[in-house]
Amino acid sequence: KEETEGVSQPQAVGENIKMNLAECLVFLLIAPIEASPTFSVALNRRKNKKGEMPKPGTRMLREPYTPLINYQDVQYYGPIGIGLPQQELYVVFDTGSSDLWVTGVGCEPCSGTRRFNILASTSAITNCSGCGVDRTLDNYGSGWVKGYTFQDRVTFGDVVTNEHITIGYVSSQAHAQQGFQDEGIIGLGFEALAEYSIPMSSSVIVSQAGVANMYAFYLTSDGSNGSILTFGGYDEGLLNNASISYTAVETTPFSSGNAYGYWTVSMSEFSLGHTFSGSGLLTIVDSGTSLIIIPYTYLQKIIDDLITNDAAEYCQYSSTLLICPGATDLDGFPDLTIRFPKYGYPGNDTVLTLTARQYFVTYYTRGIKNYQLGIDGTSSSQCILGDVVMRAYYTLFDKENYRVGFAGAGSAFSKNSGGGYDDNVPLSWIVAAAVFVAVLIGLGAWLCLRRRPAPQIVYSPQSNHYYMEVCALPIAPPLDALLDLLLIRAMWYLRSRVHQSDITWPSL
């Protein structure tokens, strides 16, 4: 999938070599050198998200991204800015809707704690067409939100929209909405689904950033930190060397005809004890839904099968609910398998596998741990794959190619155990480390020149290394050991950046 270049270390080294200053510096940089076996480091050239290599001399823009807060595996929300001067609010990035709304001053009781003050924004427009009329702005499975619309600028990361976006100003919410942690919702669905936010704020953001119209969700579990949403592509570091398998998005009926609205895919099989298959299992992939949602008739048959397992001996259940005590051995339950037609490969499937530890959700009652089946029922014929699935798989929503991608290999994918890397190493640390290494190199070179003996290239059978004996001073062994340590750390840092698993490490 990626172009690589191999860089090998030389095998043979002469002895009793006389060096000038430049040669001395080179040997200090590469010491110690392993004699056998040689090792190679694969160097990547990053592809763009269409799979093409960038042209020489072009610069690939860094995709805007935001860390998300994980609230008890129920909600994932992150910051956006509204207005000028910017007012920061925390919103759910919802692939199951397409409008943008925030809670306004005076909305009490309402979800979250912050409120947008429209009077404090110098860029807000309230006399636009259709603005200022109280109405129901949106309806969700958890209830309605009411208020009026206005227009203002939206900030995501470093991107501030040049044009004004139509935004819902919520003044009241349904009771079920009030218990949530967010202060709004930004829709990442398709434009046909939008009631008022046209053009959609997300589309304007990726257009101004000059990146692809694509979003990628990396969701952690157990309420832990580290969840990330990337606009314009995906973070190769979070793929953890896993491949991406896509399935096509389907159009759905609207009053004006069929169009892309929800992220609807065609599920060919849903299997958990009982198998449901067919070509008509339309399924929405929705970051704003916590659980997996399937028709009640499916759910009842699945629970009937699960309770026959020995692991369910102490579980409580009904036709739509299965709750097990915290001591339950979840490994005794079968895996959940979900299949979709594979995008671009007729006759092949994209297959998702979730273990019981992934499709059960953990909750606590008065400090006592319990597990609940992370699947709920609906009277609709449509299914929804929510955060339960998106925690198990790095999920990509590609608007340019009308497809949804899943990266990982189910339980073998280690993303929920803290995968990825810290991409925010302070520049000051890097500069300080570079200066420190330069001082060490300079010290070694000064010692070489001051003493003026011929440095010796010595082979050590114990460590299987060639190393340079720097002027035979007492400082040489600790200096060599320190450079060895710095080289090890540099290789690990390089490995985290290029994300290659085929690096052969020297025995140290």
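## A tour of the cysteines and one threonine

Start by selecting Cys128 and Cys131: the two form a disulfide, with sulfur atoms 1.7 Å apart. Keep in mind that this is a predicted model. Look along the S-S bond and you'll find -85 degrees, a left-handed link between Cys128 and Cys131. Cys128 has a relative accessibility of 13%, so it counts as buried, the cut-off being under 20%. Cys131, at 12%, is buried too.

Next, pick Cys107 and Cys110. Here the sulfur atoms of the disulfide sit 1.6 Å apart, and the link is left-handed, with -50 degrees about the S-S bond. Relative accessibility is 1% for Cys107, which makes it buried, and Cys110 is buried at 7%.

Now jump to Cys315 and Cys324. Their disulfide puts the sulfur atoms 2.1 Å apart, and this link is right-handed, at 110 degrees about the S-S bond. Both cysteines, Cys315 and Cys324, are buried.

Number the bonded cysteines in sequence order and the pairing reads 1-2, 3-4, 5-6.

While you're on cysteines, select Cys383 as well: it is buried, with a relative accessible area of 1%.

Last stop: Thr220. Find it in the loop that runs between strand E14 (214–218) and strand E15 (227–231). With a relative accessible area of 5%, Thr220 is buried. Show its side chain and follow two contacts. One reaches the backbone oxygen of Ser224 at 2.6 Å. The other is a polar contact of 2.9 Å between the side chains of Thr220 and Ser227.

Key
Residues numbered from 1 in each chain as written. Predicted model: local features only at pLDDT ≥ 70, side-chain atom pairs only at ≥ 80, totals over all residues. Heavy atoms only, no water. Helix = DSSP H or I, 4+ residues; strand = E, 2+ residues; numbered from the N terminus. Buried < 20%, exposed > 50% of the residue type's maximum accessible area, 1.4 Å probe, protein only. Polar contact = N/O pair within 3.5 Å; in protein donor to acceptor, adjacent residues only side chain to side chain. Disulfide = S-S within 2.5 Å.
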